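Let's take a friendly walk through a protein model, one feature at a time. Keep the structure in view as you read.

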Amino acid sequence: MHLVRKGPSVQEILSKLSEYDIYKFYLGEFTVGGTICSPWYKQVTHSFGVYMKDGKLYHADFADPDHHGDCWQLVQQLYNLDKHQCIEKVARDFGLTDGSDQYKQIVSAYAKPVMDIKRH
């Protein structure tokens, strides 16, 4: 039996997008190292943050210890997907499945911040 691979791999996606792009697309406005309201709960106080550790972006919801991880785990947690479904969703949402350059339009629609690794 041969497995047919649909869509790009994680490495192929990350060759065109950054972790920040994925976080930005699914969370909206946020500041690395700052806090925002949790995407899972309606709340007044900010309990969710995206931070940098060892040059990679991670997230944590301080009100719920089950919601933490990298950008891939964020999409899995938000949409209750497994790893394979998550990769397919990101590729589809950014327009990477049909060979178009839609991802360039999405990514160029905002200015990426300068990631100061020493500061975070």
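## A lysine and its partner

At 11% relative accessibility, Lys-24 counts as buried, because the cut-off for that word is under 20%. This is a predicted model, and the percentage is a computed value. What does the side chain of Lys-24 meet in a salt bridge? The partner is Glu-29, with N and O 2.6 Å apart. Glu-29 itself is exposed, at 65% relative accessibility.

## The other salt bridges

How many salt bridges are there by the distance rule? The count comes to three. One of them joins Lys-56 to Glu-19, where the closest N and O atoms are 3.6 Å apart. This pair ties together distant parts of the chain: Lys-56 sits in strand E3 and Glu-19 in helix H2, 37 residues apart. Lys-56 is partly exposed, with a relative accessible area of 34%, whereas Glu-19 is buried at 16%.

Another salt bridge is formed by Lys-89 and Asp-93, with 3.0 Å between the closest N and O atoms. These two residues are four apart in helix H4 (residues 83–93), so about one helical turn separates them. Lys-89 counts as buried at 16% relative accessibility, and Asp-93 counts as buried at 18%.

## The sheet and a helix across it

Now look for the strands. Strands of a sheet pair through backbone hydrogen bonds, either parallel or antiparallel. Here, four strands make an open sheet in the order E1-E2-E3-E4, and their pairing is antiparallel. Which strands lie at the edges? They are E1 (35–36) and E4 (68–69), each of which pairs on one side only.

Strand E3 (residues 56–61) runs antiparallel to E4 and is joined to E4 by two bridges. To trace this pairing yourself, find Ala-60: its bridge partner in E4 is His-68. Helix H2 (residues 19–27) lies across E2 (48–53), E3 and E4, and runs at about 30° to E3.

## The nonpolar core

The largest nonpolar core has 28 residues, and those touching the most other members are Leu-17, Ile-22, Trp-72, Val-90 and Phe-94. Several elements give two or more residues to this core: helix H1 (10–16), H2, E2, helix H3 (71–79), H4 and helix H5 (102–108). Which element gives the largest share? That is H2, with five residues.

Leaving out residues up to four places away in sequence, Trp-72 touches Val-10, Ile-13, Leu-14, Ile-22, Lys-83, Cys-86, Ile-87 and Val-90. Among these contacts, Ile-22 and Val-90 also belong to the group touching the most other core members.

## A phenylalanine in a loop

Finally, find Phe-62 in the loop between E3 and E4. Is Phe-62 buried or exposed? Phe-62 is exposed, with a relative accessible area of 60%, and the cut-off for that word is over 50%.

Even so, Phe-62 has contacts. Not counting residues up to four places away in sequence, Phe-62 touches Thr-35, Ser-47, Phe-48 and Gly-49.

Methods:
Residues are numbered from 1 along each chain as its sequence is written. This is a predicted model: local features need pLDDT of at least 70, side-chain atom pairs count only at pLDDT 80 or more; totals for chains, interfaces and linings use all residues. Side-chain values use heavy atoms; hydrogens and water are left out. Two strands pair if DSSP finds at least two bridges between them. Contact means heavy atoms within 4.5 Å. Axes are lines fitted to C-alpha atoms, for helices over the stretch in contact, and angles run from 0 to 180 degrees between N-to-C directions. A salt bridge is a side-chain nitrogen of Lys or Arg within 4 Å of a carboxyl oxygen of Asp or Glu. Buried means under 20% relative accessible area, exposed over 50%, partly exposed in between (1.4 Å probe, protein chains only). A nonpolar core is a set of buried Ala, Val, Leu, Ile, Met, Phe, Trp, Tyr and Cys residues joined through side-chain atoms within 4.5 Å.
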